[in-house]
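Dear colleague,

Please find the structure below, followed by a short account of what was found in it.

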2 protein chains.
Amino acid sequence: MSMSAARGTRERLVVIGGDAAGMSAASQARRMKGPDELEIVAFERGHFTSFSACGIPYWVGGDVPERDKLIARTPEEHRARDIDLRMRTEVTEIDVAAGRVGARDVDSGAESWTSYDKLVIATGARPVRPELPGMDAPGVHGVQTLDDGQALLDSLTRTRARRAVVVGAGYIGVEMAEALINRGYEVTVVNRGREPMSTLDPDMGRLVHEAMEGLGITMVNDAEVTKLLTGDDGRVRAVATEDAEFPADVVVLGIGVRPETALAADAGLPLGAHGGLLTDLAMRVRGHENIWAGGDCVEVLDLVSGRERHIALGTHANKHGQVIGTNAGGGYATFPGVVGTAVSKVCDLEIARTGLREKDARRAGLQFVTATIESTSRAGYYPGASPMTVKMLAERRTGRLLGVQIVGREGAGKRVDVAAVALTAGLTVEQMTALDLGYAPPFSPVWDPVLVAARKAAKAVGQQP
Amino acid sequence: MSMSAARGTRERLVVIGGDAAGMSAASQARRMKGPDELEIVAFERGHFTSFSACGIPYWVGGDVPERDKLIARTPEEHRARDIDLRMRTEVTEIDVAAGRVGARDVDSGAESWTSYDKLVIATGARPVRPELPGMDAPGVHGVQTLDDGQALLDSLTRTRARRAVVVGAGYIGVEMAEALINRGYEVTVVNRGREPMSTLDPDMGRLVHEAMEGLGITMVNDAEVTKLLTGDDGRVRAVATEDAEFPADVVVLGIGVRPETALAADAGLPLGAHGGLLTDLAMRVRGHENIWAGGDCVEVLDLVSGRERHIALGTHANKHGQVIGTNAGGGYATFPGVVGTAVSKVCDLEIARTGLREKDARRAGLQFVTATIESTSRAGYYPGASPMTVKMLAERRTGRLLGVQIVGREGAGKRVDVAAVALTAGLTVEQMTALDLGYAPPFSPVWDPVLVAARKAAKAVGQQP
């Protein structure tokens with residue numbers, strides 16, 4: 001190991017992690033300060049930078065023709081912007097007292113120290129992978145990285161797989177179910193929860209369940225996987241729960257992710273209840289003036305509940321990177337928090353949510369009313385008008401909007417954005433009834449579904465003492 | 001004429017106008033109070049109630065198969081809810097002092113007085129119809145009422161019309177251009193303004209212009225119609241401007257509308273600068289405790305500029321009716337105002353706007369920055385991602401959002417709703433950069449186009465002294 005050479009007056013920014021948050025931070029810091037003022041060194045242990053993990057299901061499903069489409073910026077492109085990017089180099093230690101990081105070349109094993117003036121931690125998340133028999137068998141795949149996606153695609157094309165089991169029915173699970181259905185597989189989704197999409201209330205998850213079955217996907221709820229069974233060739237052949245076995249030529253794990261914060265924990269940096277790094281609103285690690293963290297490895301403030309949450313989502317990671325790069329580059333920016341917006345689809349079914357579910361609201365000590373309505377995406381008489389269910393939660397007494405869930409077809413998903421802005425602004429459902437939303441027959445009924453839900457919710461608020 | 005009979009303790013609500021605002025008010029008042037408490041009499045001079053004028057272009061264009069699809073509620077349905085609906089009966093006078101309205105049966109000519117305890121004026125708007133030679137010739141059509149739509153359709157099917165000229169390039173004009181293109185016509189749009197869609201700034205209108213020409217529509221801008229030329233058979237044969245003649249087998253007028261407030265003016269009720277009735281926030285006509293007005297005949301408060309505007313739009317009319325019916329029924333509701341959201345399409349081109357254009361902002365005394373960006377509707381790598389241009393106006397110094405205009409393809413139009421809510425809440429463009437909008441590759445790039453525009457606008461605000 002060798003200390004970095006003397007650097008004169010030029011500051012050095014070290015970035016750990018070469019995906020959305022880390023490289024956005026590096027790029028934005030570079031925009032703020034040129035290479036004469038700021039040296040930027042970034043470490044990435046994998047083969048790729050700045051890729052869209054959210055796009056993997058669409059690559060596997062065939063909508064995106066090739067892997068490289070998912071790469072927003074290659075290592076070479078980053079280097080062309082004067083970022084000293086060290087690929088296949090894993091940071092193994094953060095020495096906060098000395099202001100340096102230890103790293104190891106993944107291929108050669110060579111180790112080195114690099115000192116920093118400013119540090120960005122963007123180590124991302126790792127998929128939950130329960131320690132069950134058979135988890136490491138060939139044919140069992142995660143879909144977290146591009147390498148994972150390639151391995152799954154190879155597995156699908158090399159073998160005569162016809163039956164796929166997806167474990168988990170969150171965003172990744174349902175999107176992978178779509179991908180595999182699109183490839184012509186018989187798909188079974190094994191889900192621990194009462195209904196798929198546990199980010200929705202079960203009554204709304206039920207609609208997803210029914211729609212998935214309508215698409216020919218077999219949904220198995222309330223089912224805990226106990227082991228994966230393998231055949232004589234060692235490959236996975238079935239997924240077992242307490243009650244049943246589901247034959248599988250290929251198994252995809254979509255159980256969720258946890259913050260990748262082992263490095264940070266070893267360095268004594270503050271972690272929250274969900275295992276993510278805790279930062280201030282400028283994305284500085286709490287108590288550390290010159291260390292920032294962002295992306296899937298941090299916890300974020302939920303503006304509706306007032307609590308920290310962990311949400312692994314590329315759009316947040318990009319915003320974090322932008323804020324961090326601005327601050328690390330000597331500017332000022334903040335990330336005020338999230339309201340928990342997410343949108344997804346399974347074939348033509350669109351699923352969206354923002355704010356609190358019923359159980360989140362209860363956990364936060366809030367009393368609330370709910371309103372669920374059915375409407376259509378366009379004027380009822382306009383071709384392509386499709387049904388949509390909107391559920392809305394509003395706080396008792398104040399009438400403040402607490403959350404919205406939408407399940408429908410084309411035009412349903414992004415309608416949740418109206419509620420996301422209303423949550424951010426702290427609007428009441430009564431105020432929402434007067435929102436001036438775009439209306440024309442090809443775009444909306446004369447009362448937009450969100451307005452219909454707001455009217456019903458406002459009425460329910462008024463009926464509560 | 002005869003005075004109405006004694007009515008005991010039962011109040012009488014009289015409604016003038018049987019379309020969206022009037023019948024929504026009547027229906028909501030009925031929900032609030034049963035027929036034992038409140039008598040409701042509604043007058044409509046035409047043949048229809050509660051129809052969607054906004055849907056007429058889609059009926060003419062063939063997307064909506066028949067007229068009756070555009071009728072939300074028939075006279076019989078209203079009567080079944082204990083509304084004494086008098087069709088083909090035109091109110092000719094409002095006698096405010098005596099609390100009564102005079103009406104004439106359109107067919108028989110019979111006249112009568114009806115007294116009211118509470119009055120709702122929902123007389124709508126009338127199309128602008130310049131007094132030019134040839135305006136009344138066969139083959140010249142408005143598209144304001146269902147009768148107008150039927151007359152146009154009859155004209156289109158009866159004659160061998162191949163060339164259509166649309167006068168006006170606002171919402172109605174461009175929607176009718178689409179309808180006629182869809183029916184296989186050669187379409188020319190003659191427009192007085194510099195670019196089509198004068199509700200957009202000209203730089204954004206230019207995009208509409210180019211797209212319309214791409215669709216095969218001939219756009220003629222900066223052209224004032226001077227007369228309509230007729231043939232030997234008396235039918236229209238061309239539209240003339242100062243510079244040119246445009247052959248036309250059929251002419252559609254889409255020049256805009258004015259509030260229909262002659263009755264109200266005769267009664268001495270207060271009108272605003274745009275000719276619309278002036279109300280308070282509960283939609284009561286100013287200075288008149290027991291008279292409400294709503295829909296296309298009123299002016300509404302623009303929450304961004306702080307001024308009154310006239311906007312004829314079904315969604316506002318329905319909200320007005322809801323508020324009026326609640327108040328007239330003894331409850332309490334307000335219509336706080338509009339931010340000026342509108343959305344439209346020409347074939348697959350989507351056009352949306354909310355808030356102030358540059359000239360509106362100047363007129364309101366505001367200094368501002370603008371930011372225009374190009375992005376896509378979905379992640380760039382996802383199939384169907386289509387380009388979208390977003391223009392944003394923000395106030396100098398405060399950074400408060402002032403307006404957004406969007407021109408794009410599928411997924412562009414309803415994105416304006418995010419800005420509509422942000423305007424309502426008074427968000428700054430800097431605050432908007434952190435909005436938690438729904439992201440997944442089929443729905444949005446990782447930075448939603450609205451966020452990209454907000455970032456650029458925020459930067460522009462920061463660069464201003």
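Strand β22 (residues 349-355) of chain B is mostly covered, with 7 of its 7 residues buried (under 20% relative accessible area, with a 1.4 Å probe and protein chains only). Strands here are DSSP runs of E with at least two residues, and helices are runs of H or I with at least four, numbered from the N terminus. This is a predicted model, in which local features need pLDDT of at least 70, side-chain atom pairs count only at pLDDT 80 or more, and totals for chains, interfaces and linings use all residues. Residues are numbered from 1 along each chain as its sequence is written, and chains are lettered from A and ligands numbered from 1 in the order in which they are written, while side-chain values use heavy atoms, without hydrogens and water.

β22(B) pairs with strand β21 (residues 342-346) of chain B in the antiparallel sense over 5 bridges; pairing requires at least two DSSP bridges between the strands. In this pair, B:Ser344 stands opposite B:Ile351 of β22(B). The two strands, β21(B) and β22(B), form a hairpin with 2 residues between them, and B:Cys347 in the turn has a positive phi of about 55°.

β22(B) is also joined to strand β25 (residues 401-408) of chain B by 6 bridges, and these strands run antiparallel. Here B:Gly355 has B:Gly403 in β25(B) as its bridge partner.

Yours sincerely

Key
Buried < 20%, exposed > 50% of the residue type's maximum accessible area, 1.4 Å probe, protein only.
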